[in-house]
Amino acid sequence: MRSGGAARACAPSGVQRAVLRFSKRKDPIVTYIITEPCIDVKDKSCVDVCPVDCIHESDRMLVIDPDECIDCGACEPECPVEAIYPEDALPDKWEAYVKINYAYPDGDVVNKLVDEVKPPE
């Protein structure tokens, strides 16, 4: 089995890759997902340690661009609110956040999806 990075390099397009991810949660292509605890907090400790700058800011939370993420895992232990998970170990309650992270770089879609899962107070 190939590593996540090697499998990603073999994927012909980001669109096909996203389809594979939604249809097979346990495939060898794994990225990290930022979840609800980040909403309205946006502590940027994870951004500081990311070697490829794949973590981006939306209006209410940070998101990881799955096409840029190299699956190094540096961000996960740095998150003070424990909002970052490997996609293949994501708790079921945070499933909606896969779609949110994959919506990047469309900031309007990311913001709309975040507001749907956790309306502003």
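With which residue does arginine 60 form a salt bridge whose closest N and O atoms are 2.8 Å apart? In this predicted model, the partner is aspartate 115. The two residues link distant parts of the chain, since arginine 60 lies in the loop between β2 and β3 and aspartate 115 belongs to helix α5 (residues 107–117), 55 residues apart. Arginine 60 is buried, with a relative accessible area of 11%, whereas aspartate 115 is partly exposed, its relative accessible area being 31%.

The side chain of arginine 60 also meets that of aspartate 40 in a salt bridge (2.8 Å, N to O). Because aspartate 40 is placed in the loop between β1 (32–34) and α3 (45–49), while arginine 60 is in the loop between β2 (55–57) and β3 (62–64), this pair ties together parts that are 20 residues apart in sequence.

Within helix α5, lysine 112 and glutamate 116 are four residues apart, about one turn of the helix, and their side chains form a salt bridge with an N to O distance of 3.3 Å. Lysine 112 counts as exposed, at 52% relative accessibility. Through shared partners, salt bridges join Asp40, Arg60 and Asp115 into one network, and the structure as a whole holds five salt bridges.

Asparagine 101, located in helix α4 (residues 96–102), counts as buried because its relative accessibility is 0%, the cut-off for burial being under 20%. The side chain of asparagine 101 reaches the backbone nitrogen of isoleucine 64 at 2.9 Å. Apart from neighbours within four places in sequence, asparagine 101 is in contact with residues including Tyr32, Ile33, Ile34, Val63 and Pro66.

Notes
Residues numbered from 1 in each chain as written. Predicted model: local features only at pLDDT ≥ 70, side-chain atom pairs only at ≥ 80, totals over all residues. Heavy atoms only, no water. Buried < 20%, exposed > 50% of the residue type's maximum accessible area, 1.4 Å probe, protein only. Polar contact = N/O pair within 3.5 Å; in protein donor to acceptor, adjacent residues only side chain to side chain. Contact = heavy atoms within 4.5 Å. Salt bridge = Lys/Arg side-chain N within 4 Å of Asp/Glu carboxyl O.
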